[in-house]
Amino acid sequence: MKNDESPPKNSDSLRQELVRGILYIHSRLNANTSETLEALSLLAALVGLMQQKGLITDEELESARQAAGARLSEQFEQKGLGILLQDKEEDKYTYESSVTIDCSSRVHLCRAACCRLAFALSKQDVQEGVVKWELEKPYLIAQEKDGYCSHLQRGAMTCSIWEKRPVPCRAFDCRRDARIWIDFEKRIPNAEVGRADWPHCLENEQAPGAAARPAGDEVRKVISTKLGEEVIPL
Ligand code: SF4
């Protein structure tokens with residue numbers, strides 16, 4: 001007798017399958033969102049100008065389209081449409097600009113503040129299926145209620161997925177971030193890292209060291225999400 005039953009899948013492989021499916025759905029949704037945005041921008045501009053003038057030039061139409069596109073794009077972002085991924089895909093296993101800091105001798109001062117910063121994962125992270133992300137905010141790193149990354153081991157304050165940590169975790173340089181260190185060399189942390197609402201309590205402040213970032217646009221884009229900038233919607 002033919003046996004149609006395939007061997008049962010374990011929870012890890014099921015999750016991998018689910019993540020691949022969700023990634024595909026989000027990719028399609030994202031493509032559709034982009035096309036809809038484009039169509040709505042053009043239509044809004046055309047209708048608006050036709051109503052006002054009855055006759056338009058290409059320059060006028062393009063100008064109005066761009067303005068309408070920017071406006072609609074802002075509305076889409078406010079409504080949480082679209083997905084968030086690192087805007088330049090880097091292979092984390094060959095990434096060459098990793099920053100080396102003796103975290104273990106300083107974590108009692110900085111309180112692992114870098115592991116409270118939000119950032120978007122890469123497709124590599126998502127497809128690998130190890131790094132957790134927020135199901136309601138794809139694909140931001142998953143954080144617990146206390147704001148810390150889900151992969152941070154409390155107590156030791158170490159990363160449970162160190163070998164597979166995302167690129168922003170490898171590239172982030174806390175020495176240059178005044179939200180964390182007033183003076184890195186003198187081991188003086190920003191006292192604000194002790195606050196439960198850090199880093200949001202600093203959102204309206206201009207951190208003196210925030211502008212000092214590694215040279216090179218590509219690297220900056222990859223790590224910027226851990227430096228407090230907006231994540232980039234694809
Ligand atoms: S993945 Fe590891 S290094 Fe990166 S934020 Fe989470 S705990 Fe920190």
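Pro-168 is found in helix H5, residues 167–171, where helices (H or I, at least four residues) and strands (E, at least two) are DSSP runs numbered from the N terminus. This is a predicted model: local features need pLDDT of at least 70, side-chain atom pairs count only at pLDDT 80 or more, and totals for chains, interfaces and linings use all residues. Residues are numbered from 1 along each chain as its sequence is written. Pro-168 is buried, because 25 other C-beta atoms lie within 10 Å; a residue is buried if 20 or more other C-beta atoms lie within 10 Å of its own, exposed if 12 or fewer, and partly exposed in between, with C-beta atoms placed from the backbone. Between Pro-168 and Glu-90 the C-alpha to C-alpha distance is 10.0 Å, although 78 residues separate them in sequence.

**Confidence**

- The protein chain has a mean pLDDT of 78, and 79% of its residues reach 70 or more; pLDDT is the predictor's confidence in each residue, from 0 to 100.
- Where pLDDT is low, the predicted coordinates should not be read in detail.

**Overall architecture**

- The protein chain comprises six helices and four strands, arranged along the sequence as α-α-α-α-β-β-α-β-β-α.
- Of the 234 residues in the protein chain, 24% are buried.
- Among contacts in the protein chain with a separation of 6 or more, 67% join residues 24 or more positions apart.
- Helix H1 (residues 11–52) has 42 residues and should span 62 Å at 1.5 Å a residue; its end C-alpha atoms are 60 Å apart, which agrees. The expected span is 1.5 Å times one less than the number of residues in the helix.
- Just after H1, Gly-54 adopts a positive phi of about 85°.

**Nonpolar core and its neighbourhood**

- The largest nonpolar core has 29 residues, of which Cys-114, Leu-121, Tyr-139 and Ile-180 touch the most other members. H5 gives the most to this core, with three residues. Such a core is a set of buried Ala, Val, Leu, Ile, Met, Phe, Trp, Tyr and Cys residues joined through C-beta atoms within 7 Å.
- Leaving out residues up to four places away in sequence, Tyr-139 touches Ile-83, Leu-84, Leu-85, Ala-120, Leu-121, Val-126 and Trp-133.
- Trp-133 lies in the loop between helix H4 (123–128) and strand S1 (152–153), and Trp-133 is buried because 21 other C-beta atoms lie within 10 Å.
- Trp-133 and Leu-121 are 12 residues apart in sequence, with their C-alpha atoms 7.8 Å apart.
- Beyond four places in sequence, the residues that Trp-133 touches include Leu-121, Val-126, Tyr-139 and Ala-142.
- Ala-142 is in the loop between H4 and S1 and is partly exposed, since 15 other C-beta atoms lie within 10 Å.
- Ala-142 contacts Lys-132, Trp-133, Glu-134 and Ser-150, neighbours within four places in sequence being left aside. Its C-alpha atom is 8.2 Å from that of Val-131, 11 residues away in sequence.

**Backbone features in loops**

- The peptide bond from Trp-198 to Pro-199 is cis, with omega near 5°; Pro-199 lies in the loop between strand S4 (188–189) and helix H6 (217–224).
- Ala-112 has a positive phi of about 50° although it is not a glycine. Ala-112 is placed in the loop between helix H3 (107–110) and H4, and is buried because 22 other C-beta atoms lie within 10 Å.
- Arg-187, which is not a glycine either, has a positive phi of about 60°. Arg-187 is found in the loop between strand S3 (181–183) and S4, and is exposed because 12 other C-beta atoms lie within 10 Å.

Technical notes:
Contact = placed C-beta atoms within 7 Å.
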